[in-house]
Amino acid sequence: MAPVTLAKLGGSVITDKTKPFSFRAEVVSALGEEIAASHERVVLVHGGGSFGHPVAKEYGLTSGAYSRGGEGVSKTRDAMYALNQLVCRALMGAGVETYPFAPFDLLVSSDGEHARSWLRNLLSSGLSPVTFGDVSSYPRGFRILSGDTIMHELAKVLRPVRCVFALDVDGVYRGREKEKAGNLLRTISASQMSKLKVDLGDDATGGMKLKLQVAGKIASLGTSVSFVSGFRRAEFAKALRGLDFYGTMVAV
Ligand SMILES: Nc1ncnc2c1ncn2[C@@H]1O[C@H](COP(=O)(O)OP(=O)(O)OP(=O)(O)O)[C@@H](O)[C@H]1O
Ligand SMILES: [Mg+2]
């Protein structure tokens, strides 16, 4: 089986997190064109952005604690399914043959072997499986399964050659004055990742902090992990193909 690449289209890229329910169709189309042109076997995850996070926050749903069911669960899922449809339509329009699926059944309630062969089958048929952060039901209540955590679950199952995180910034910055190019870390080690001071921002699931924890775990599986701007399509394309790109690589 040809190598698999795992990519997360961050909610910060595919939506404007400062404006509720704002989808960036042109950005997703551009990334879709690069995915289609890469001819890589790509499994995609997308985040909640300004669809999932504000609704989850309003109802107190997080990835850290269990909540009771009710309206918040329905509304958060509704927002994520709406976003997933927008993402898949934009990707399809760009030439990516998408196969959307909800993550929970496959990754939490089935064994790894089943998930692996199911996903590999789709990839062999030329389809790109697309999944997303979701609200999942457990015996103790409901919790958000964040897109970043799903990346780790998928990495364990698929053992991809690469994981690419597309963000609304160029990569991981040293400290908080992040917009300055001089502060961009071109490589980051596991110990730097655990010490970095990061802003939690407006994210129901832990923002950059969770992302760095997850990235460390994925890198320790032997997978190369990169952070790249989803607004720079050429750099995203290079990261997807495993070429040198402008952004941050996790040092192994
Ligand atoms: N040290 C840092 N380096 C880079 N970005 C940082 C840093 N600290 C905080 N951030 C913020 O983290 C954000 C990315 O994380 P965030 O969880 O908001 O995005 P995302 O994962 O793409 O969205 P979603 O969770 O909806 O998928 C960036 O917008 C950036 O402002
Ligand atoms: Mg996030």
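**Entry 1: helices on the sheet.** I began with helix α7 (residues 147-158), which lies across β1 (4-9), β2 (41-46), β4 and β7 (162-167) and runs at about 175° to β1. I then turned to helix α9 (residues 207-219), which packs on the sheet and touches β7, β9 (224-229) and β10 (248-250), with a direction that makes about 145° with that of β9. I note here that the model is predicted, and I read these angles with that in mind.

**Entry 2: the sheet itself.** I looked up the strand order and found eight strands in an open sheet, arranged β3-β4-β2-β1-β7-β9-β10-β8, with mixed pairing. The edge strands are β3 (98-100) and β8 (187-188), each of which pairs on one side only.

**Entry 3: helix α9 in detail.** I checked the length of α9, which has 13 residues and reaches 18 Å from its first C-alpha to its last, close to the 18 Å expected at 1.5 Å a residue. Which residues of α9 are buried? I list M208, K211, L212, V214, A215, I218 and A219. These residues cover an arc of only 165° around the axis, which puts them on the same side of α9. An α-helix has 3.6 residues a turn, so residues three or four places apart point the same way. I also looked for what covers the buried residues of α9, and the cover includes α7, β7, α8 (190-195), β9 and β10.

**Entry 4: residue L83.** I located L83 in helix α4 (residues 71-93). Is L83 buried or exposed? L83 counts as buried because it has 24 C-beta neighbours inside 10 Å, where the cut-off for burial is 20 or more. Setting aside neighbours within four places in sequence, I found L83 in contact with F23, G49, F51 and G52. I also took the separation of L83 from S38, which is 45 residues apart from it along the chain, and the C-alpha atoms of the two are separated by 24 Å.

**Entry 5: the chain as a whole.** I counted ten helices and ten strands in the chain. The radius of gyration is 17 Å, close to the 18 Å that the globule rule gives for 252 residues, so the chain is as compact as a globular protein of that length. Along its principal axes the C-alpha trace spans about 45 × 45 × 35 Å. Of the 252 residues, 48% count as buried. Finally, among contacts with a separation of 6 or more, I noted that residues 24 or more positions apart account for 73%.

Conventions. Residues numbered from 1 in each chain as written. Chains lettered and ligands numbered in written order. Predicted model: local features only at pLDDT ≥ 70, side-chain atom pairs only at ≥ 80, totals over all residues. Pairing = 2+ DSSP bridges. Helix = DSSP H or I, 4+ residues; strand = E, 2+ residues; numbered from the N terminus. Contact = placed C-beta atoms within 7 Å. Axes fitted to C-alpha atoms, helices over the stretch in contact; angles between N-to-C directions. Rg over C-alpha atoms; globule rule 2.2 N^0.38 Å. Buried ≥ 20, exposed ≤ 12 C-beta atoms within 10 Å, placed from the backbone. Expected span 1.5 Å × (residues − 1). Arc of directions from axis to C-beta.
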